[in-house]
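Thank you for giving me a few minutes this morning.

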Amino acid sequence: MNQVQENRRTHAQGDPTVRVEALTVQFGDFAALQDLTLSAYPGEVVGVIGPNGAGKSTLVNAMTGMTPPAAGRIEMDGNQLLRQGPASRARRGMIRTFQTAQVFDSLSVERNLMLGRRRPGRRQAANGRSSEREVPVSLRHLLGRRGEQIGGGQRKMTELHRALAAEPRLLLLDEPVAGVPVADRKVVRQLLRQHVDQVGTTVLLIEHDMEFISGICDWLYVMAAGAVISQGPWDFVSNDPVVLEAYLGGF
Ligand SMILES: Nc1ncnc2c1ncn2[C@@H]1O[C@H](COP(=O)(O)OP(=O)(O)OP(=O)(O)O)[C@@H](O)[C@H]1O
């Protein structure tokens with residue numbers, strides 16, 4: 001075990017919430033993921049970064065069951081997931097958000113938020129109005145508006161809060177602050193950190209905003225061409241020559 005992996009042991013204790021092992025995804029002859037292995041532990045925010053086309057969204061799609069892998073394993077809390085569909089994974093507490101926020105256009109923001117609380121398997125029953133904790137200040141004035149009446153950043157915030165209201169065991173976020181105004185990104189960061197620390201959710205997120213990434217992630221995997229090329233805390237990966245080459249090599 002090298003020094004970087006040793007460092008992770010100080011905060012990532014016990015068994016991983018999710019473990020992806022030797023995962024390969026093929027689109028015809030093209031391998032979008034090749035033999036990819038990673039894990040995320042309870043209460044940990046794990047970032048997956050890498051240049052465009054590295055395979056980040058494909059990874060999330062494979063984890064949620066939307067894209068079937070050609071080989072490998074995906075385990076959540078020690079259970080092999082590959083034969084389970086997206087709904088069954090959601091019942092286990094795996095919730096995701098999308099690059100383009102998925103909000104129910106015909107429902108109010110408040111109804112959208114309440115839907116998160118209806119996740120099967122969620123500890124509390126879904127009834128009553130959204131609690132103070134579940135409605136962020138930035139959305140309170142929008143509760144009565146329909147999904148189709150709010151802007152892109154507000155849709156992202158609504159989707160994120162609906163996901164948090166589901167109290168996921170594992171939250172997969174695909175570019176959570178893309179399209180979110182810079183001023184609100186700090187709010188998202190604080191909200192996620194608070195949720196992780198209080199509820200113990202494991203977060204795995206894809207994001208291109210390095211300021212956001214460096215401020216929230218406990219551990220990072222860097223991907224290029226479908227494989228993990230580096231991993232470690234931000235200070236390590238941001239100075240890793242292999243990572244700099246992967247990003248700069250494209251220019
Ligand atoms: N359904 C598909 N059929 C064929 N090729 C695909 C499909 N989905 C993704 N790819 C290819 O797989 C590779 C990885 O794509 P993916 O969207 O996972 O990358 P990404 O790292 O998420 O990129 P970005 O940062 O731009 O979102 C790309 O070369 C992409 O063109």
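Helix α2 gives the most to the shell around the ligand, with three residues, where helices are DSSP runs of H or I with at least four residues, strands are DSSP runs of E with at least two, and both are numbered from the N terminus. Before I go further, please keep in mind that this is a predicted model, in which local features need pLDDT of at least 70 and side-chain atom pairs count only at pLDDT 80 or more, while totals for chains, interfaces and linings use all residues. Residues are numbered from 1 along each chain as its sequence is written, and side-chain values use heavy atoms, with hydrogens and water left out.

There are 13 residues around the ligand, and those that come nearest are N52, G53, K56, S57 and T58; a residue counts as near a molecule or strand if one of its heavy atoms lies within 4 Å of it. By type, the shell divides into five nonpolar residues, seven polar and one charged, given that Ala, Val, Leu, Ile, Met, Phe, Trp, Tyr, Cys and Pro count as nonpolar, Asp, Glu, Lys and Arg as charged, and the others, Gly among them, as polar.

Which atoms of N52 and G53 lie 2.9 Å from an oxygen atom of the ligand? For N52 it is a polar side-chain atom, whereas for G53 it is a backbone N or O atom. G55 likewise places a backbone N or O atom 2.9 Å from an oxygen atom of the ligand. Taken alone, the ligand exposes 640 Å², and the protein buries 59% of that, with accessible areas coming from the Shrake-Rupley method with a 1.4 Å probe. The elements that give two or more residues to the shell are β2 (30–40) and α2 (56–64).

Strand β2 takes us to the sheet with four strands, which is open, antiparallel and ordered β2-β1-β4-β5; two strands pair if DSSP finds at least two bridges between them. Its edge strands are β2 and β5 (79–80), each pairing on one side only. Going across, β1 and β2 pair over seven bridges in the antiparallel sense, with R19 standing opposite S39 in β2. These two strands form a hairpin with two residues between them, and G28 in the turn has a positive phi of about 65°. On to β4: β1 and β4 pair over five antiparallel bridges, where V20 has I74 as its bridge partner. Finally, β4 (residues 71–76) and β5 are joined by two bridges, again antiparallel, and E75 is partnered with Q80 in β5.

How does α2 sit relative to β1, β2 and β4? Helix α2 lies across them, running at about 110° to β1, with angles taken from 0 to 180 degrees between N-to-C directions of axes fitted to C-alpha atoms, for helices over the stretch in contact, and contact meaning heavy atoms within 4.5 Å.

The other sheet I want to show is open, with six strands in the order β6-β7-β8-β3-β9-β10 and mixed pairing. Its edge strands are β6 (94–96) and β10 (227–232), and the twist averages 20° from one strand to the next. Strands β9 (residues 219–224) and β10 pair over five bridges in the antiparallel sense, and Y221 stands opposite Q231 in β10. Helix α10 (residues 241–248) packs on this sheet, touching β3 (45–49), β9 and β10, and its direction makes about 130° with that of β10.

How values were computed:
A polar contact is a pair of N or O atoms within 3.5 Å; within protein, one must be able to donate a hydrogen and the other to accept it, and residues adjacent in sequence count only if both atoms are side-chain atoms.
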